[in-house]
Amino acid sequence: MRRIALLGATGSIGRQAIEVIDAHPDLELVAAASGSAPIDGLAPLTQTGGDLTGLLDRAEPDVVLNAVVGFAGLAPTMWALEHGVTLALANKESLVAAGRLALAAHERGGGLLLPVDSEHSAVHQCLEGRDRATVAGVVLTASGGPFRGRAREELADVTAEQALAHPTWRMGPKITIDSATLANKGLELIEAHWLFGIPYDAIEVVVHPTSVVHALVRLRDGALLAHLGRPDMRVPISYALTYPTRASTTVGPLPLEGLALEFEAVDDHAFPLLGLARAAGERGGTAPCAYNAANEVAVAAFLEGRIAFLDIGAVVEETLSRVDGAAARDLDDLVAADAEARRLATRELQPA
Ligand code: NAD
Ligand code: MG
């Protein structure tokens, strides 16, 4: 029996995780948490809002599935890493923000860190059992979102409703906007750097509109391994929850006849948030934390109709130009860097 604590149980990942857990007699939901919706009775221990680490202390899970959205997922990520409890990580924002601090906690705790993000699950599978000296690089695929192919000028007036209509994935609102701006791929670039210890210049991003190839790994002899599958999050969720046994799922096989594999370059001018993430990642310290914080502030403002789509990139760029980006020595430093970036980003929202 594997005892699961599910954080973010009412969200897109959370609901799909419950389906996966219900379908497996060896998986048991022992604790569940949501941000605001009541979830009484969903698990023996439940909590809405508040400090999630208290719930984890009481639940003593074998696996923490962190499917909270945003920086709010930091504390449970650090709890699992520090305690050596297997962390199935959907909440990429916590790893992006904490970076080196998270890796240090992972080393101290000695548990498993398993990505739930589909691209990273794919990379994890392609890298498994491989001598890392043979790996030349990693390629993350991006669907391109609903505005793929549009010029920058054509993005000025797009609405939140249009941005929320993702072509291939059904997800929560924050990550759906991040997919439309390519900030999601920016966060994933930094996530991949920390998960796999790969330098930024060995991580490529390509647009792949059908989201069938989830990621590729380049080997030093010129071979390229690709991971294909339906765009269905139940597969990476199941992989992380049942690792290493890889239980079967109800997701059907991918039909190959007529399948076209198209890849194109990212338009950096129309979608600057990917390049800003790469720069923040290479700068290091708390720059990725500031990138994430400013993006969260800007996305919330865009969803509320307070700023335009292209302002999201402008707010993040301006915030990054103002923070010092000094490395965090501890979690207090990190929380302070996050708060400072939020303050600067919020100031950018006010009309000059
Ligand atoms: P969502 O908005 O659908 O759900 C978010 C969940 O987090 C909800 O249950 C909400 O109640 C909970 N939550 C929010 N703030 C909280 C807080 N302070 N304390 C406790 N719970 C809180 O989001 P989602 O699409 O399920 O995404 C969740 C995470 O997974 C994000 O980090 C996202 O980037 C990542 N992710 C999602 C997908 C996807 O297909 N949805 C794919 C890859 C990665
Ligand atoms: Mg992803």
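**Exercise 1. Helix α13 and its surroundings**

Against which helices do the buried residues of α13 pack?

Before we start, a word on the model: it is predicted, with local features needing pLDDT of at least 70 and side-chain atom pairs counting only at pLDDT 80 or more, while totals for chains, interfaces and linings use all residues. Residues are numbered from 1 along each chain as its sequence is written, and side-chain values use heavy atoms, leaving out hydrogens and water.

*Step 1.* Find the helix. α13 covers residues 309-322. Helices (H or I, at least four residues) and strands (E, at least two) are DSSP runs, numbered from the N terminus.

*Step 2.* Pick out its buried residues, where buried means under 20% relative accessible area, exposed over 50%, and partly exposed in between (1.4 Å probe, protein chains only). They are Phe-309, Leu-310, Ile-312, Gly-313, Val-315, Val-316, Thr-319 and Leu-320.

*Step 3.* Look for the partners. These buried residues pack against α7 (160-163), α8 (173-181), α11 (272-283), α12 (287-303) and α14 (331-349).

**Exercise 2. The largest cavity**

Find the volume of the largest cavity, then work out which element gives the most to its lining.

*Step 1.* Learn the rule. On a 1 Å grid over the protein atoms alone, a cavity is a set of points where a 1.4 Å probe fits but cannot get out; lining residues have an atom within 4 Å of a point. Grid points are joined across faces, edges and corners, and a volume is the space filled by probe spheres set on the points.

*Step 2.* Count and size. There is one cavity of 30 Å³ or more, and the largest cavity holds about 60 Å³ of space.

*Step 3.* Read the lining. It consists of Arg-152, Thr-181, Ala-270, Phe-271, Pro-272, Leu-273, Phe-309, Leu-310, Ile-312 and Gly-313.

*Step 4.* Sort by class. Ala, Val, Leu, Ile, Met, Phe, Trp, Tyr, Cys and Pro count as nonpolar, Asp, Glu, Lys and Arg as charged, and the others, Gly among them, as polar. The lining then has seven nonpolar, two polar and one charged residues.

**Exercise 3. Ser-94**

Decide whether Ser-94 is buried or exposed, and describe its contacts.

*Step 1.* Locate Ser-94: this residue lies in helix α4 (residues 92-98).

*Step 2.* Check accessibility. Ser-94 counts as buried because its relative accessibility is 0%.

*Step 3.* List contacts (heavy atoms within 4.5 Å). Leaving aside neighbours within four places in sequence, Ser-94 touches Asn-66, Gly-73, Leu-74, Thr-77, Leu-89 and Gly-99.

*Step 4.* Look for polar contacts, pairs of N or O atoms within 3.5 Å; within protein, one must be able to donate a hydrogen and the other to accept it, and residues adjacent in sequence count only if both atoms are side-chain atoms. The side chain of Ser-94 makes one of 2.8 Å with the side chain of Thr-77 and another of 2.7 Å with that of Asn-91.

**Exercise 4. Arg-2**

Place Arg-2 in the fold and find the backbone oxygen that its side chain reaches.

*Step 1.* Arg-2 is found in strand β1 (residues 2-7).

*Step 2.* With a relative accessible area of 25%, Arg-2 is partly exposed.

*Step 3.* Beyond four places in sequence, Arg-2 is in contact with several residues, including Asp-26, Glu-28, Asp-62 and Tyr-243. Its side chain reaches the backbone oxygen of Leu-241 at 2.9 Å.

Technical notes:
Chains are lettered from A and ligands numbered from 1 in the order in which they are written. On a 1 Å grid over the protein atoms alone, a cavity is a set of points where a 1.4 Å probe fits but cannot get out, and a pocket is an open set with protein on both sides within 12 Å along at least five of seven lines; lining residues have an atom within 4 Å of a point.
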